[in-house]
Amino acid sequence: MNEKLAVSVVRAIIRDIYGRYGMEQYFRSTEPRMLVNIYEKWIHVVSIELKKAGVINEIYEPLNTKEMNFIDIVNRVDYYLIDEERKGGRE
């Protein structure tokens with residue numbers, strides 16, 4: 001599966017949301033575990049649509065944040081904010 005494609009779409013959505021007046025602060029003030037759940041669900045939903053369109057072969061399964069410790073959750077939030085274009089496509 002091309003998980004990177006689904007993640008890239010969600011990252012673009014997040015950048016758009018953060019670029020709007022007042023929205024970045026709203027999301028950044030959300031509890032980290034809830035934020036990771038939201039972003040993971042978005043990646044899952046995007047992957048479903050990409051699979052329907054025949055772009056990818058497998059649907060992304062969201063992380064089980066209930067099993068993750070808090071430090072891993074906080075570190076995961078940064079993963080969704082990586083700008084692939086600025087980093088040359090690396091994650």
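Is R76 buried or exposed? In this predicted model, for which local features need pLDDT of at least 70, side-chain atom pairs count only at pLDDT 80 or more and totals for chains, interfaces and linings use all residues, R76 is buried, with a relative accessible area of 19%, where buried means under 20%, exposed over 50% and partly exposed in between (1.4 Å probe, protein chains only). Residues are numbered from 1 along each chain as its sequence is written, and side-chain values use heavy atoms, with hydrogens and water left out.

The protein chain contains 4 helices and 0 strands, these being DSSP runs (H or I, at least four residues, for helices; E, at least two, for strands) numbered from the N terminus. Of the 91 residues in the protein chain, 33% are buried. Where contacts (heavy atoms within 4.5 Å) join residues at least 6 apart in sequence, 63% of them link residues at least 24 apart.

Salt bridges, defined by a side-chain nitrogen of Lys or Arg within 4 Å of a carboxyl oxygen of Asp or Glu, number 2 by this rule. In one of them R76 pairs with E40, with 3.3 Å between the closest N and O atoms; because R76 belongs to helix α4 (residues 70–79) and E40 to helix α3 (residues 32–52), the pair ties together parts that are 36 residues apart in sequence. E40 is likewise buried, at a relative accessible area of 1%.

A salt bridge also joins the side chains of E49 and K52 (3.2 Å, N to O), which lie 3 residues apart in helix α3 and are thus separated by about one helical turn. Here E49 is partly exposed at 43% relative accessibility, whereas K52 is exposed, with a relative accessible area of 63%.
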